[in-house]
Amino acid sequence: MASSLTLVTILLLTVSLISPSRSATCQSQTFSSNRLYTFCNDLPSLNSYLHWAYDSAKSTLSVAFIAAPAKPNGWISWAINPTSPGMVGSQALIAFKDSKGAMTVKTYNISSYGPVTESKVWYEVRNSSAEFSDGVMRLFATVVLPEKGKSTVKHVWQVGPSVTAGVPDKHEFQPANLNSKGSLDLLKGQSTVSSGGGDSRTKKKNIHGILNVVSWGIMFPIGIIIARYVRSFPSADPAWFYLHIFCQVSSYAIGVAGWGTGLKLGSQSKGVRYTVHRNIGIALFSLATLQIFALFLRPKKDHKLRFYWNIYHHGIGYTILVLGILNVFKGLDILNPEPKWREAYIILIAVLGGISLLLEAITWIIVLRRKSGKSTKSYDGINNGHGRQEPLAA
């Protein structure tokens, strides 16, 4: 085992050494054709780098943007946004392979979410070219900025997976993609990350995820375990019922808060759709609301409708259980946190499953013993009670 780990470590170190685009900083990068730049920055997301030289007298900006596309036939982009710190409104240079396999650079005015169309941009592009080697694309351009004397610009960078019929396809919407924007001081050589939309949106996503994991993914299953197994112990009555109600009502309240944050995120992310995750969330909210109504409509134990109410209550409960856990994993796929969080939740569910199996066995033992005890008492009653043959009186 130790030798295997050592081998894996060596292989990872070897890969990092022979992949300079991923491990090197911008200061160690060089370019063909004697291209030289005054400043460079290791950009904080998407494993990308930016080099630039700014001539304030001529208001010209020469840039070299380096990044690996999301897939080999994808694209990379660098843009200036003169209006806001985000994608919409950005004036983009996008580099990709054309139909003949040659690298090309085209300009796009990103006026809205959706498919992009080649168009003129806010600045004049004097020279542009691109290269592709070792899985990395390099975009070069010299542009003339219309606002002379303005040394700070908002810039956006991005990578995408594919190009269809000469049109770049949409990029992913992971945190790294959403946070790939910032402010660039052309004279001081400083690049800062925008602290607004991306970070705030990521924080809201984290809150949304935590609320729903706690509600549908943890508390609701625990409430079902209590109702199914703890009630089998006579000493737990009626405490099990109140614990069950507490878990399920709390789960519903927290789940509604998570559902509300999800709706808010959806309204703020036009063009970003997670259809399956969204539809399961709506179904969970609807079914859980029905369960709350079931609490107020519960017939007494001896009522003739109690049998049908039990079928309804249990059926919806188990449906919520399955959908809740499924949607937690859908959310983890979208949020894409560190692997340890997914692994922690898998371990938690496995532990709850193991507890359920253990309690299932114990419950069956208790039930069988009770049935056996009742049968024995009934037999003793026949033989020891009035049904037995009495001796004749003297």
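User: How many salt bridges does the count come to?

Analyst: In this predicted model, the count comes to five salt bridges.

User: ok, which side chain does R35 meet in a salt bridge?

Analyst: The side chain of R35 meets that of E131, with 3.8 Å from N to O. This pair links distant parts of the chain, since R35 sits in the loop between helix 2 (20-23) and strand 1 (39-42), while E131 belongs to strand 7 (residues 124-133), and the two are 96 residues apart.

User: What about E118, where is the partner in its salt bridge?

Analyst: The partner is K106, and the two side chains meet in a salt bridge at 3.9 Å, N to O. K106 is in strand 6, whereas E118 is in the loop between strand 6 (103-109) and strand 7, twelve residues apart from K106. Both count as partly exposed, E118 with a relative accessible area of 48% and K106 at 25% relative accessibility.

User: Which parts does the R228 and E360 pair tie together?

Analyst: The side chains of R228 and E360 meet in a salt bridge of 3.0 Å, N to O. R228 lies in helix 4 (residues 197-229) and E360 lies in helix 8 (residues 339-384), so this pair ties together parts that are 132 residues apart in sequence. As for accessibility, R228 is partly exposed, with a relative accessible area of 40%.

User: Switching topic: what order do the strands have in the open sheet?

Analyst: The open sheet has five strands in the order 1-2-3-8-7, and their pairing is antiparallel. Strand 1 and strand 7 are the edge strands, each pairing on one side only. On average, neighbouring strands of this sheet are turned by 15° against each other, with direction ignored.

User: How many bridges join strand 1 to strand 2?

Analyst: Four bridges join strand 1 to strand 2 (residues 49-55), and these two strands run antiparallel.

User: And which residue in strand 2 is the bridge partner of F39?

Analyst: The bridge partner of F39 in strand 2 is W52.

Definitions and conventions
Residues numbered from 1 in each chain as written. Predicted model: local features only at pLDDT ≥ 70, side-chain atom pairs only at ≥ 80, totals over all residues. Heavy atoms only, no water. Salt bridge = Lys/Arg side-chain N within 4 Å of Asp/Glu carboxyl O. Buried < 20%, exposed > 50% of the residue type's maximum accessible area, 1.4 Å probe, protein only. Pairing = 2+ DSSP bridges. Axes fitted to C-alpha atoms, helices over the stretch in contact; angles between N-to-C directions.
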